[in-house]
Amino acid sequence: MKIFLLLGIINGFLAVALGAFGAHGLEGRLSEKMLATWEKAVQYQMFHTVALLAAGLLMQKITAASITSAGWFFFAGILLFSGSLYIYSTTAIKTFAMITPIGGLAFLIGWVLLGYAVIKFI
């Protein structure tokens with residue numbers, strides 16, 4: 001439980017910091033398309049930061065492997081989805097953009113596992 005709360009806190013901080021950096025530090029340095037890509041990475045990082053916190057809080061009430069797995073999938077999704085978009089938007093190397101769907105799949109798996117745990121245990 002504590003690990004997902006800590007990962008959520010760290011990722012929340014990073015999402016705010018990276019969002020501010022994108023808005024103030026990258027404006028005028030990146031194309032509009034790449035800046036929009038950066039912003040998409042920030043949005044999905046923040047959405048799934050909330051999911052990490054939810055997983056951590058749910059673990060206080062429910063001991064289920066599916067919640068633990070969901071938390072790890074959310075974290076992996078942040079790294080793969082948002083991480084690849086951060087790198088792609090600043091380098092324009094398309095290889096990094098090809099990693100993004102794997103992160104998206106990790107997010108989807110995390111949501112399915114979290115939903116399963118809620119339906120089964122609550």
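**Exercise 1.** Determine the handedness with which helix 2 passes helix 5 in this predicted model, and the residues through which the two helices meet.

*Solution.* Step 1: helix 2 passes helix 5, which spans residues 100-121, in a left-handed crossing. Step 2: the axes of helix 2 and helix 5 come within 12 Å and cross at roughly 30°. Step 3: angles under 35 degrees count as roughly parallel, and helix 2 is therefore roughly parallel to helix 5. Step 4: helix 2 contributes Tyr44, His48, Ala51 and Leu58, which meet Phe107, Trp111, Leu114 and Val118 of helix 5.

**Exercise 2.** Classify the relative direction of helix 2 and helix 3 from their packing angle.

*Solution.* Step 1: helix 2 covers residues 32-61, and its axis lies 9 Å from that of helix 3 at a packing angle of about 165°. Step 2: an angle over 145 degrees counts as roughly antiparallel, so helix 2 is roughly antiparallel to helix 3. Step 3: the handedness of the crossing between helix 2 and helix 3 is left-handed.

**Exercise 3.** Describe how helix 1 and helix 3 are arranged and which residues join them.

*Solution.* Step 1: helix 3 runs over residues 65-91 and packs against helix 1 at about 20°, with the two axes 11 Å apart. Step 2: with the limit for roughly parallel set at under 35 degrees, helix 1 and helix 3 are therefore roughly parallel to each other. Step 3: helix 1 passes helix 3 in a left-handed crossing. Step 4: on the side of helix 1, the meeting residues are Ile3, Phe4, Leu7, Asn11 and Leu18. Their partners in helix 3 are Ile67, Thr68, Gly71, Trp72, Phe75, Ile78 and Tyr86.

**Exercise 4.** Which residues make the nonpolar surface patch, and in which helix is Ile10 placed?

*Solution.* Step 1: Leu6, Ile9, Ile10, Phe13 and Leu14 make a nonpolar surface patch of about 510 Å². Step 2: Ile10 has its place in helix 1, which comprises residues 2-25.

Definitions and conventions. Residues are numbered from 1 along each chain as its sequence is written. This is a predicted model: local features need pLDDT of at least 70, side-chain atom pairs count only at pLDDT 80 or more; totals for chains, interfaces and linings use all residues. Side-chain values use heavy atoms; hydrogens and water are left out. Patches are made of residues with over 30% relative accessible area and no salt bridge: like charges are joined within 9 Å, nonpolar side chains (Val, Leu, Ile, Met, Phe, Trp, Tyr) within 5 Å. Accessible areas come from the Shrake-Rupley method with a 1.4 Å probe; for residues, only the protein chains shown count as cover. A salt bridge is a side-chain nitrogen of Lys or Arg within 4 Å of a carboxyl oxygen of Asp or Glu. Helices (H or I, at least four residues) and strands (E, at least two) are DSSP runs, numbered from the N terminus. Axes are lines fitted to C-alpha atoms, for helices over the stretch in contact, and angles run from 0 to 180 degrees between N-to-C directions. Angles under 35 degrees count as roughly parallel, over 145 as roughly antiparallel, 65 to 115 as roughly perpendicular and the rest as oblique. A crossing is left-handed if the near helix is turned anticlockwise from the far one by less than a right angle, and right-handed if clockwise. Contact means heavy atoms within 4.5 Å.
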